[in-house]
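Morning, everyone. I have one structure to walk you through today. Please have a look at it first.

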Amino acid sequence: MTDLVRLEVEGGIGTIRLDRPPMNALNAEIQHGLVAACREAAERRDVAAVVVYGGEKVFAAGADIKEMETMSYTDMVDHSALLQDFTKALAGLPKPTVAAVTGYALGGGCEVALACDWRVAADDAKLGQPEITLGIIPGAGGTQRLARLVGPAKAKDLVFSGRFVDAQEALAIGLVDRVVPAAEVYATARGLVERYVGGPAYAVRAAKEAIDRGLEVDLETGLEIERTLFAGLFATRDRATGMRHFVDKGKGPAPFE
Ligand code: CAA
């Protein structure tokens with residue numbers, strides 16, 4: 001794994017830390033690193049949930065424009081798969097994920113945040129998809145995930161104009177879920193997912209898969225996905241533990257492994 005992206009694990013939470021000052025511009029090395037960090041976070045049993053964090057100053061100001069400037073069409077035919085791979089790796093992580101957004105989350109940075117389950121933003125954060133100002137469009141999933149999150153009209157406003165939105169507007173349109181003082185962003189994001197440590201991991205994983213896959217298909221197919229995942233949970237120890245705890249009138253949360 002590269003030093004530009006680290007998976008730091010503490011207390012059951014994995015923090016994927018972007019670390020490429022000054023702006024955490026996402027070059028190819030960091031994009032590969034993100035894929036590797038997501039894979040490691042998915043596999044590690046001591047990671048129940050994931051926070052993506054770029055440090056106190058900035059989340060990420062997008063793909064590395066200096067690296068892309070000299071790329072040709074054929075270069076980008078190859079590279080564009082990687083651009084989508086790192087956000088797909090994050091979106092497909094079978095554990096709860098939250099982006100802790102300080103400073104700027106622009107372009108590919110905003111797309112990283114969009115690939116998480118939730119977003120906590122600093123009150124002075126700015127988010128946006130400014131690619132149009134470079135003569136391109138979002139290429140790490142932004143046109144798809146932004147429209148699904150905030151609706152097509154708002155997504156078109158942000159993507160066509162490239163304008164930045166402040167934290168309050170981001171909250172109002174559903175682009176972020178919580179706005180807190182900058183110094184509290186990381187702790188708040190951690191706090192949002194701490195409840196999943198020691199919880200029924202397979203049920204949470206199934207719930208995430210059912211909701212995310214269900215959003216891509218018609219209702220009948222979505223219900224079929226739910227039915228299969230629901231039945232599958234009856235093969236897990238967590239299901240046996242959870243139901244036995246209730247039937248035995250156990251106090252507090254069930255003792256999941
Ligand atoms: N790529 C490469 N370098 C970047 C960068 C990026 N996305 N964003 C900032 N930097 C660099 C700047 O070039 C500058 O480097 P130097 O010190 O060597 O000159 C350094 O980071 C600091 O940036 P600024 O001097 O511009 O800082 P600022 O405070 O005046 O402005 C900013 C901050 C508003 C974030 C501004 O840097 C900016 O607009 N950045 C570009 C944002 C952008 O267009 N992102 C989309 C990228 S394309 C993309 O992401 C495609 C995709 O969908 C995957």
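Let's start at the ligand. Three elements, α2 (65-68), β5 (104-106) and α4 (108-114), each supply at least two residues of the shell around the ligand. Which of them gives the largest share? That is α2, with three residues.

A word on the model before we go on. This is a predicted model. The protein chain has an average pLDDT of 97. A score of at least 70 is reached by 100% of the residues. For the complex, the predictor gives an ipTM of 0.98 and a pTM of 0.97. Keep one general point in mind: where pLDDT is low, predicted coordinates should not be read in detail.

Back to the shell. How many residues surround the ligand? There are 22. The closest are Ala63, Gly108, Glu111, Glu131 and Gly139. Sort the shell by type, and you get 14 nonpolar, four polar and four charged residues.

Now the polar atoms. Take isoleucine 65: one of its polar backbone atoms is 2.9 Å from a nitrogen atom of the ligand. Next, lysine 66. Here an N or O atom in the side chain is 3.0 Å from an oxygen atom of the ligand. Then glycine 108, where a polar backbone atom is 2.8 Å from a ligand oxygen atom. And how much of the ligand does the protein bury? Taken alone, the ligand exposes 980 Å², and the protein buries 64% of that.

On to the aromatic rings. The structure holds four aromatic pairs. I'll show you two.

One is tyrosine 53 with tyrosine 186. Their centres are 4.8 Å apart, with 35 degrees between the planes. Buried or exposed? Tyrosine 53 has 13% relative accessibility, so it counts as buried. Tyrosine 186 has a relative accessible area of 24%, so this residue is partly exposed.

The other is phenylalanine 230 with phenylalanine 234. This pair is tilted too, at 5.5 Å centre to centre and 55 degrees between the planes. Phenylalanine 234, at 39%, counts as partly exposed.

That's my tour. Over to you.

Technical notes:
Residues numbered from 1 in each chain as written. Predicted model: local features only at pLDDT ≥ 70, side-chain atom pairs only at ≥ 80, totals over all residues. Heavy atoms only, no water. Near = heavy atom within 4 Å. Polar contact = N/O pair within 3.5 Å; in protein donor to acceptor, adjacent residues only side chain to side chain. Areas by Shrake-Rupley, 256 points an atom, 1.4 Å probe, with all protein chains shown as cover. Helix = DSSP H or I, 4+ residues; strand = E, 2+ residues; numbered from the N terminus. Nonpolar A, V, L, I, M, F, W, Y, C, P; charged D, E, K, R; others polar. pLDDT = per-residue confidence, 0-100. Phe/Tyr/Trp six-rings, centres within 6.5 Å; stacked < 30°, edge-to-face > 60°. Buried < 20%, exposed > 50% of the residue type's maximum accessible area, 1.4 Å probe, protein only.
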